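Me: I have a structure open and a few things to ask about it. Can we go through them one by one?

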Amino acid sequence: METLKKEKVELENQKSLRISGAEAIIHCLLAEGVDLIYGYPGGAIMPFYDELYKFQDKLTHVLTRHEQGATHAAQGYARVTGKVGVAVATSGPGATNLVTGLADAQIDSTPMVCITGQVPRELLGSDAFQETDIIGISTPVTKWNCQVTNASEIPEVLAKAFYIARSGRPGPVLVDITKNAQFEEFDFSYSYCKGVRSFTPYPKPDPKSIEIAADLINSAKKPLIVFGQGVILGEAEEQLKALVEKAGIPAAWTILGLSAMDTKHPLNVGMVGMHGNYAPNVLTNECDVLIAIGMRFDDRVTGSLATYAKQAKVIHFDIDPAEISKNVKADVAVLGNAKDTLELILPLVKPNKHEAWHNEFKKKYEVEFEQVIKNDVYPTKEKLTMAEVMEEINIASGHKAIIVSDVGQHQMIACRYAKFKQTKSNVTSGGLGTMGFALPAAIGAKMGAMDREVVAIIGDGGYQMTIQELGTIFQNKTPVKIVVLNNEHLGMVRQWQELFFESRYASTVMVNPDFVKIAEGYSIQAKRISERKDLKATIQEMMASKDAYFLEVCVEKEDNVFPMVPSGASVSDIRLK
Amino acid sequence: MEKKWFTISVYSENSVGLLNRISGIFLKRHINIESLNVSKSEIDNVSKFTIVVYTTEDWVRNIVGQVEKQIEVIKAFYHTDEEIIYQESAVFKIDSSLLFDERNIQNIIKDSHSQIVTVSRDFFVLAKSGRRNEIDEMYQQLKPYGIMQFVRSGRIAVSKSEMQISAILKEFNQ
């Protein structure tokens, strides 16, 4: 965000320019360093699209097949680049179709700016064609939103929108621009937003709390770090690694923290939460100091709060003061950007090894390996498992791919078994659990990291929620690899039905179409496999392909994901079967 | 945890839509707003919301955190009744004939320290500021004689301790 593009400098030099509001939007986007946007045109946003036509060489617009796809693509782009993703839609249904993506970006702290067209100012409140109160609708799912009814407001509002979306704890912002404001001409000039007086994005770290936290860490016998996406968003990966290594503290991750630390690092002890690893879940309730870094104690992480880490002193590093003691009471709160606070605490932390404590993690890993992992990754049964597919992708990609997962069993398997060397490599819908997220998010991820392999791992249910985005892949020749793990069920719901609803499989059986034919209809190379003997070679073929590739893997239909902390249970009561 | 009355004071920019954003925070948690007042504050161009809720301290702390997180909110505080000076206002519209026919009406006006705002041929209007129970008491006293219209405002309050908004704004301006 600090690297000003040439465009910006040019803009700051020119005093003013008489242009339309629609053209101003484009200049604002260019000034903010945006060169790629996702969207879908329609009546109220047409003036903007008309101007866009003239700027095609500077600003690429990717036409998704649904506005929801545009938001998820923008999210995927934002998650791998750290930049603000941009999605554009028209008023009414175009705008309401953004809501799921906004909610997803809000709960997963993804920087995104959505621009919607709106009916002309004089028609506001008249129930005009395609009028909807998108400001009212999007308020609970945006970090900030604003309606613009005069062209002259556009530069200031958009500058503020980008500033707010990316600053502090990132999030989605929606700017609703009436059609008259897009047509009106005004004297354009742009200045970057450098601050908003009512918004403190980066709380100043308090040296006292850092000292207290360091003392607690130094005196701990069984410390445990749980890190989340705050490490990635704050670009604190190096600082985390340094802390973990210096103090010898086992480090576990939340689903969105995945890839912030090399999955093969000896101090990386795996995932916490409902389908996380056995050791970090059980040992959360045995540690004496729990060090939470950039995570928010989601209920999927904590299970029952009444029994969560009650024995431990809790140190909570976070950028958002509202997260402190929201779910789990913090004994010490360290406010600030993780990069800054971890840097400050590092010199105060004494070197340590905690070998005996580590051995407890190793022992528990062995238990999980014997009872779960071995059967998942190296199965002896006839049917393919999701985990062995993930493992083959790991092997074929050399742990270097970006993995975009959807929501459900395959997501839990992907996050449990995917191996990463590089940060910003795991893109998934963690907080909202949005089925249909992966296919469009993979498009955005690929466009944001063209030099990397992007593999979308999707279930047969979620795939069909945004399957239309195959059209976007086709039109843009986006070389994403799509792996559908087909178990002919809504697998996670089916698993809950089996475990908690006496196997009454209400509406979880899927009769699916021929996915290979559908992909081929979009000229995407496609293959279906159902036997182990074909797995390795096909995945290698897929990874070697220069183009988009669709692979359907028919997997065991009624597998369950374990370990599992049943809803409302304690993390120490995690089930291995 | 025990439920109590809390008064939340929110200093904010004066912007369209912020009320919706703030009320949504209560809605999401299924907490009823008992009273709400929005006005200017002691600082130019800064608005003040005064919101009264009946809930636990855990919830009020959570809500204040979420309110304060809103971009256009400068600072939010919560206080118990003991920590603030607070008032409500009420206006009663009453049939003018009662002023002459019912002796007790004049006693009620005097005892309640209410003011007569206007008197016309058909009705007169009484205004009363004070605590909720004082207004309720006056309401109960007038009710037997017939109240043509009644309305009571939300709570307005100032805290006994300082709310350092000016310092926050000054820091930003530097």
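**Around V427(A)**

Reply: Leaving aside residues up to four places away in sequence, V427(A) touches G76(A), R79(A), V80(A), I402(A), V404(A), A441(A) and A445(A). Bear in mind that this is a predicted model.

Me: Which strand is V427(A) found in?

Reply: V427(A) belongs to strand 16 of chain A, residues 426–428.

Me: And is V427(A) buried or exposed?

Reply: Buried: 31 other C-beta atoms lie within 10 Å of V427(A), and the cut-off for buried is 20 or more.

Me: How far is V427(A) from L258(A), in sequence and in space?

Reply: They are 169 residues apart in sequence, and their C-alpha atoms are 9.1 Å apart in space.

Me: Now helix 24 of chain A. Which of its residues are buried?

Reply: In helix 24, residues 535–544 of chain A, the buried residues are T538(A), I539(A) and M542(A). They sit on the same side of the helix, because the arc they cover around the axis is only 95°.

Me: What covers the buried residues there?

Reply: The cover includes helix 17 (386–397), strand 18 (481–486), strand 19 (525–529) and strand 20 (549–554) of chain A.

Me: Which exposed residues are on the face turned away?

Reply: A537(A) and A544(A) are the exposed residues carried on the face of helix 24 of chain A turned away from its buried side.

Me: Switching to the open sheet in chain A. What is the strand order?

Reply: The order is 11-10-9-12-13-14, six strands with parallel pairing. Strand 11 (268–271) and strand 14 (332–335) of chain A are at the edges with a single partner strand each, so each has one side without a neighbour in the sheet. From one strand to the next the twist averages 20°.

Me: How many bridges join strand 9 to strand 10 of chain A?

Reply: Three, between residues 223–227 and residues 251–253, and the two strands run parallel. F227(A) has W253(A) in strand 10 of chain A as its bridge partner.

Me: Which helix packs on the sheet?

Reply: Helix 10 of chain A, residues 207–219, packs on it and touches strand 9, strand 12 (289–293), strand 13 (313–318) and strand 14 of chain A. The direction of helix 10 makes about 125° with that of strand 14 of chain A.

Me: Last topic, chain B. How many residues of chain A are in contact with it?

Reply: 15 residues of chain A are in contact with 18 residues of chain B. On the chain A side, eight are nonpolar, three polar and four charged.

Me: Why is strand 4 of chain B largely enclosed?

Reply: Six of the eight residues in strand 4 (residues 73–80) of chain B are buried, so the rest of the structure largely encloses it. Seven bridges join strand 4 of chain B to strand 1 (residues 3–12) of chain B, and the two run antiparallel.

Methods: Residues numbered from 1 in each chain as written. Chains lettered and ligands numbered in written order. Predicted model: local features only at pLDDT ≥ 70, side-chain atom pairs only at ≥ 80, totals over all residues. Contact = placed C-beta atoms within 7 Å. Nonpolar A, V, L, I, M, F, W, Y, C, P; charged D, E, K, R; others polar. Buried ≥ 20, exposed ≤ 12 C-beta atoms within 10 Å, placed from the backbone. Helix = DSSP H or I, 4+ residues; strand = E, 2+ residues; numbered from the N terminus. Pairing = 2+ DSSP bridges. Axes fitted to C-alpha atoms, helices over the stretch in contact; angles between N-to-C directions. Arc of directions from axis to C-beta.
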